[in-house]
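Dear colleague,

Please find the structure below, handed over for your own work.

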Amino acid sequence: MAVVEVRGLRKDFGDVTAVDGVDLQSEEGEFLVLLGPSGCGKTTLLRMIAGLEQPTEGEILLGGEDVSGLPPRARRIAMVFQSYALYPHMTVANNIAFPLKAQGMDPEERTKKVEWAAGLFGIERLLQRRPRQLSGGERQRVALARALVREPTVFLLDEPLSNLDAKLRAAARDDLMEFQRRIGITTIYVTHDQVEAMGMGDRIAVMNHGKVRQLGTPEDVYHHPADVFVAQFLGSPPMNLLETPTFVFGFRPEQFLPEGIAESEGTRVPFSFHVNRIEYLGSERYLYGYIREYDETRVIAMLPATVTLPVAIDQDHKFSVPKDQLRFFDLDDGRRIAPQTLMR
Amino acid sequence: MTTTTERKERYLGDNPRFLAGLFMSPAVLYILALVGFPFVLAIVYAFTDISTGNPELDFVGWATFSRVLDDPVFREALWNTFLFAVIANVLVVVLATALAEILVRDFKGKWLVRFLVLLPWVAPVSLATITWLWTLDSIFSPIDWVLRQLGLITENMYWLGQPGTAMTSVIAVQTWRIVPLAAVIVMAGLIAIPGDITDAVAVDGAGFWRRMFQVTIPLLAPIIAVAVLFGVILTISDMSVVYVLTRGGPTNSTQVLSTWAFIKGIEGGALAQGAAVALFLLPVLIGITAVVLRLARRREVM
């Protein structure tokens with residue numbers, strides 16, 4: 001049974017539709033990522049699941065039970081906020097104990113639970129401190145401990161890493177993954193960072209304009225994007241998209257390689273690539289240019305550092321893409337369509 | 001940079017110290033003339049026996065102060081000031097916090113409620129108080145009329161004519177006047193509480209009272225302290241409410257230090273004693289300010 005299920009969920013703020021008919025199911029113990037640009041409705045969706053926003057339309061089911069009208073405290077959810085939202089006037093111990101106090105748990109049991117949760121995150125020695133005396137990473141652990149102490153059925157995380165600096169973020173991500181695997185709790189994680197989404201998610205729901213554009217594993221959404229939005233939102237640099245009179249096709253920059261370098265298994269589709277500019281990034285080279293037949297669209301090729309072949313600027317080069325790596329999209333609605341034949 | 005703006009020499013207007021002085025001078029002059037000068041004059045007067053009948057500065061040391069302290073009316077006024085400030089401000093804090101909580105909510109007609117709440121504060125004190133004077137009139141009081149119609153009283157209350165009800169009335173009107181200011185201050189504090197904190201409280205399962213007493217009020221404490229500071233200073237230093245409503249009566253039962261200083265010094269002509277009574281407030285106010293500001297700072301650095 002789905003731990004979290006939303007059906008036809010919709011949220012209007014005045015004239016603006018933040019979430020526009022979303023259907024989604026999360027599976028037991030799964031790490032589900034809601035990914036999308038800012039303003040795509042991912043946070044609103046999360047807040048509706050938490051009960052912090054009331055949906056305009058649609059149903060929310062937790063463990064098969066309709067909780068749509070219920071306040072947050074009646075749902076067995078825990079949420080970690082972007083700012084962590086620790087109570088600044090309370091010690092770490094009291095922060096973690098707060099949800100238990102609200103439940104009316106007796107003090108002895110409460111102390112035990114707080115120690116258990118603190119132990120899970122290795123923050124026992126911080127229990128008597130106040131939030132402002134903690135580092136960013138420590139605050140995150142306290143926020144996680146406070147969320148977990150009630151043993152919720154679902155864990156909701158709203159961009160919990162975005163307040164950390166780059167170095168700390170990698171470590172915190174590691175921590176978070178390790179802990180999620182160990183506890184095995186169903187998690188819904190909101191982020192706009194595709195690296196986080198690809199690295200952490202069991203499945204990713206890519207959202208745009210209040211709709212889920214694609215739901216699938218990281219491999220799925222990267223290699224088999226459901227539409228041009230997903231194709232361009234994921235990947236850095238994004239998928240190259242080229243327009244023909246009847247359809248759109250695309251390929252990933254790392255699949256676009258010079259003739260002769262590429263392994264010759266399967267059929268390859270050749271293109272004449274005119275290179276304008278080269279960016280040398282250490283572990284790879286980005287080649288910017290265009291393809292002769294589609295000269296109004298910029299195309300990027302990404303060569304790994306292992307390809308040392310010299311590439312001259314302002315000249316045409318023979319490049320190719322494996323035929324099975326070409327993706328085809330409808331010209332009008334941008335949806336994925338069956339493979340087409342490239343007219344040459 | 002273009003050539004026209006390239007100047008070699010510095011003008012006076014380029015000097016930030018000069019500009020700072022220039023821009024501050026109106027405020028400084030104003031404060032010196034209307035606060036500083038009378039303040040110094042009051043200190044000088046308090047150590048003389050000057051009166052309107054004898055406007056000569058004869059220094060008498062602390063003699064004026066001891067005469068003032070020996071006066072039983074002064075002691076009654078001191079006690080009344082204390083009672084007045086404490087009760088009014090306890091009421092102000094409770095009402096302002098409740099009002100602020102209402103004012104930050106979204107509801108229809110919010111602007112009207114906000115306007116009505118602020119009205120007592122924006123109305124001139126003396127005019128507003130005169131309205132209350134009529135409302136509490138011994139014969140024509142509409143409050144009495146309502147109570148009579150409800151059958152709760154048979155005779156008029158004479159609100160301002162009996163010591164107990166007079167003090168109650170004065171405190172009520174002062175509370176009514178200060179609540180809007182305190183409510184706006186507390187509201188600013190409420191708005192400053194991050195939305196994530198409020199959401200976290202909801203997700204953590206706390207209800208209204210737990211949120212109020214374990215999160216909102218502790219987080220608001222420094223702001224409430226500031227509101228109390230303003231409230232105490234405004235109740236202690238203000239004479240208009242008491243003066244307009246009762247002139248300290250009946251038989252000095254609502255006399256406070258500020259009215260007593262005015263009655264003694266200006267109406268009675270004993271300028272030296274009036275000044276001494278007025279200065280008596282100063283160390284009290286400085287003490288309260290220091291304590292409250294220290295409390296507020298301690299809450300902040302938590």
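Helices (H or I, at least four residues) and strands (E, at least two) are here DSSP runs, numbered from the N terminus. The model is a predicted one: local features need pLDDT of at least 70 and side-chain atom pairs count only at pLDDT 80 or more, while totals for chains, interfaces and linings use all residues. Residues are numbered from 1 along each chain as its sequence is written, and chains are lettered from A and ligands numbered from 1 in the order in which they are written.

Chain B

By this assignment, Val146(B) belongs to helix H6 (residues 142–149) of chain B. A residue is buried if 20 or more other C-beta atoms, placed from the backbone, lie within 10 Å of its own, exposed if 12 or fewer, and partly exposed in between. Val146(B) has 11 C-beta neighbours inside 10 Å and therefore counts as exposed. Between Val146(B) and Asp49(B) there are 97 residues in sequence and 51 Å in space, C-alpha to C-alpha.

Chain B has 12 helices and zero strands. Its C-alpha trace spans about 75 × 60 × 35 Å along the principal axes. The radius of gyration of chain B is 25 Å, whereas a compact globule of 302 residues would have one near 19 Å; the radius is taken over C-alpha atoms, and the globule rule is 2.2 Å times the number of residues to the power 0.38. Of the 302 residues in chain B, 33% are buried.

Two residues are in contact if their C-beta atoms, placed from the backbone, lie within 7 Å. Among contacts in chain B between residues at least 6 apart in sequence, those joining residues at least 24 apart make up 69%.

The interface

In the interface, 15 residues of chain B are in contact with 19 residues of chain A. On the side of chain B that touches chain A, helix H8 (195–203) and helix H9 (208–237) of chain B each supply at least two residues. H8(B) gives the most to that side, with six residues. The residues on this side of chain B divide into 10 nonpolar, one polar and four charged. Here Ala, Val, Leu, Ile, Met, Phe, Trp, Tyr, Cys and Pro count as nonpolar, Asp, Glu, Lys and Arg as charged, and the others, Gly among them, as polar.

Chain A

In chain A, the axes of helix H2 (residues 92–103) and helix H4 (residues 136–148) come within 7 Å and cross at roughly 30°. Axes are lines fitted to C-alpha atoms, for helices over the stretch in contact, and angles run from 0 to 180 degrees between N-to-C directions. H2(A) and H4(A) are therefore roughly parallel to each other, the term for angles under 35 degrees. Val92(A), Asn95(A), Ile96(A), Phe98(A) and Pro99(A) in H2(A) meet Val142(A), Ala145(A) and Arg146(A) in H4(A). The residues of this contact divide into six nonpolar, one polar and one charged.

Some backbone features remain. Most residues other than glycine have a negative phi, and most peptide bonds are trans. The peptide bond from Ser236(A) to Pro237(A) is cis, with omega near 0°. Glu159(A) has a positive phi, near 40°, and lies in the loop between strand E7 (154–158) and helix H5 (166–183) of chain A. Glu159(A) counts as buried, with 20 C-beta neighbours inside 10 Å. Asp314(A) also has a positive phi, of about 60°, but is exposed, with 9 other C-beta atoms within 10 Å.

With kind regards

Notes:
Parallel < 35°, antiparallel > 145°, perpendicular 65-115°, else oblique.
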